[in-house]
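Have the model open while you read.

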Amino acid sequence: MRKFLITIILAVVLPSTAHAQPDTAAFRLLAPSEEAFISVEDVLLIAKVEGFSQAKMVEIFDNGKAIGFAPLKKGVLAHRVKLSEGRHELVLAAPDVRKQNVKIFRGKQEGYRYHIERDLSSCGTCHSGAGEGEYGMPSAQEKVCLQCHDAVGTGDFIHGPVAAGSCSPCHDPHGSKDSHFLHTTGKELCMVCHSQNLSKEHIEERQNADCTKCHDPHSSAKNYHLH
Ligand code: HEC
Ligand code: HEC
Ligand code: HEC
Ligand code: HEC
Ligand code: HEC
């Protein structure tokens, strides 16, 4: 009987508590990437809180030691930390947000590189309202990029995503550990969108051939985006 009652109480109570506490908010790390190797002392952390949170501050820990607080502006953290050489495990903590661990190795070799971030005011180059803590998606992404990279996508045959004005399916606008600030390299980059049967056969034929040896990822004067 007691067990039965408890079951009923749980059945009544659980859904309501579940309702009062929506999924825990979590950080989405935008820069640097996980397990980054970095050669500069100044490391810029960019993270966004996804989900509902009232947090206004993030506490940062470096290898278990609290090193200070940084403001969250409209759910976005953009903060520099100075790191000595060696391995660091940073933890971002805010009261109602799931903790985020960021592993960074600071050494001599260059791994992760930032795109353009010499000072935080440069965020406004691409994000209007960055000074007020607004980091919405840049409207007309390609226009933002073409301010400085005007030779991209000028051939007659323009590749699908470029024609649609988006660069970020392939490039990380903030930085990356791969060349040309790509999310990933080799055929993996292409397979995200080209895994349909026809291309699959062609891709298997080419095995691990570097796709960009023959195809221009942006545009070209020839059909099939060939060089
Ligand atoms: C070169 C242009 C550029 C610069 C400079 C830049 N960003 Fe971005 N940012 C983008 C683009 C493009 C996206 C969208 C990425 C995507 O679609 O995956 C983005 C996305 C974001 C997002 C996620 C937005 C969302 O709602 O999901 C945040 C937060 C952000 N940037 C913060 C910053 C901060 C902080 C800085 C400065 C340190 C900065 N950005 C500098 C281009 C830029
Ligand atoms: C304010 C000027 C500016 C804007 C806007 C800008 N970039 Fe850049 N970009 C640069 C500079 C400067 C470099 C060279 C930095 C380096 O190599 O360390 C660069 C380098 C790159 C490279 C690597 C080039 C190479 O030869 O390897 C890529 C790819 C790139 N940017 C993509 C983008 C994308 C995508 C956007 C839009 C989201 C964008 N850029 C917006 C200035 C800009
Ligand atoms: C389909 C994936 C993809 C898309 C979409 C894409 N790029 Fe690229 N981009 C690449 C690859 C791959 C390279 C490296 C080129 C190589 O390997 O020869 C590159 C190289 C670059 C470079 C350096 C070399 C060069 O061609 O100048 C710049 C700058 C650049 N991209 C900017 C952009 C901009 C701006 C956009 C959006 C208008 C964009 N990219 C969209 C895949 C892409
Ligand atoms: C974000 C999605 C996306 C990525 C990533 C992507 N593509 Fe594409 N690609 C498209 C779209 C969309 C089209 C246009 C649709 C079509 O013509 O089949 C296209 C068309 C093509 C075509 C021409 C097909 C034709 O029949 O004319 C080639 C070749 C191509 N892509 C090669 C590549 C290569 C190489 C890569 C990697 C560097 C790549 N794509 C990455 C979306 C993508
Ligand atoms: C040795 C040069 C070469 C390499 C390497 C190469 N391609 Fe191609 N690709 C071509 C040619 C030529 C065509 C034109 C159609 C044909 O002959 O099959 C083509 C056509 C395509 C097409 C459009 C037709 C289809 O099958 O859907 C896509 C998409 C494509 N390639 C993607 C890729 C990807 C992804 C890679 C990397 C794994 C790659 N290609 C590597 C030469 C190459």
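1. Start with Lys-48: one of its polar side-chain atoms sits 3.4 Å from an oxygen atom of ligand 1. That counts as a polar contact (a pair of N or O atoms within 3.5 Å). Keep in mind that this is a predicted model, where local features need pLDDT of at least 70, side-chain atom pairs count only at pLDDT 80 or more, and totals for chains, interfaces and linings use all residues. Residues are numbered from 1 along each chain as written, chains are lettered from A and ligands numbered from 1 in the order written, and side-chain values use heavy atoms, without hydrogens and water.

2. A polar side-chain atom of His-127 is 2.8 Å from a nitrogen atom of ligand 1, and for His-174 the distance to a nitrogen atom of ligand 1 is 2.9 Å.

3. Which elements give two or more residues to the shell around ligand 1? They are β1 (25-31), β3 (42-50) and β6 (76-82), strands being DSSP runs of E with at least two residues, numbered from the N terminus. The largest share, three residues, is from β3.

4. Altogether, 21 residues surround ligand 1, and Arg-28, Cys-123 and Cys-126 are among the closest; "near" here asks for a heavy atom within 4 Å.

5. Now look at the lining of the second largest pocket. Its largest share, four residues, comes from β6.

Technical notes. Polar contact = N/O pair within 3.5 Å; in protein donor to acceptor, adjacent residues only side chain to side chain.
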